[in-house]
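Reader: I'm new to this one. Could you walk me through how to read it?

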Amino acid sequence: RGCWQEKKATFSPVFTVIICLISVISTAISTAQSSLYGLNPGTLENLEAAEKLNEKFLSTLFQTGKNDDATITSAFDLIRPYLGISGQEFKKLHSSSFQYMKKFQEKNGQYIDFILMSKSNKKEVLAGYNYIVRFEKNILRFIFLYYHSKKGWILKLAHWDENLESYFHD
């Protein structure tokens, strides 16, 4: 039911029109903010594109062996259009990633390479990619999880940790 279908309103027609306009403007602003802040993520056409995005992200993140803000920003700019998170959430993710990567690399030495350990596709609805990133003294695990919406594949999770035990659980 739209504003114009209300028959029981006891307000003047001008007041009803103003309320309807406020409602329309509010919806338009909300939609614009959702797009602006990433709540309407872009999609990838297929899983090959998803895998390429993962690998481009990882190679950009570690390409120079630097863990500076510009390198991390370049990598995160690649995945940002496909994440369904707000601008504020994205800033938190970027900031915490920068701090984590800097400390991790200082403690564990230079980047060596990354390896795709596993990938799975669950009934063309969910797809997961599991990578390890090797350093001189340690390994990071990166997980990318995609959801297949009506429009295409959306990146739902980009996560990393040091939990290597998961590779040995059946």
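Author: Let's start with a salt bridge, meaning a side-chain nitrogen of Lys or Arg within 4 Å of a carboxyl oxygen of Asp or Glu. Here Asp 113 forms one with Arg 134, with the closest N and O atoms 2.7 Å apart. Asp 113 sits in strand β1 and Arg 134 in strand β2, so the pair ties together parts 21 residues apart in sequence. Strands (E, at least two residues) and helices (H or I, at least four) are DSSP runs, numbered from the N terminus.

Reader: What should I know about the model itself?

Author: This is a predicted model: local features need pLDDT of at least 70, side-chain atom pairs count only at pLDDT 80 or more, and totals for chains, interfaces and linings use all residues. Residues are numbered from 1 along each chain as its sequence is written, and side-chain values use heavy atoms, leaving out hydrogens and water.

Reader: How many salt bridges does the structure hold?

Author: Three. Another one joins Glu 51 and Lys 119, with 2.9 Å between the closest N and O atoms. Glu 51 is in helix α2 and Lys 119 in strand β1, so this pair ties together parts 68 residues apart in sequence.

Reader: Is Glu 51 buried or exposed?

Author: Buried means under 20% relative accessible area, exposed over 50%, and partly exposed in between (1.4 Å probe, protein chains only). Glu 51, at 17%, counts as buried, while Lys 119, at 51%, counts as exposed.

Reader: And which residues form the salt bridge with 2.7 Å from N to O in which both are buried?

Author: Arg 141 and Asp 161; both are buried.
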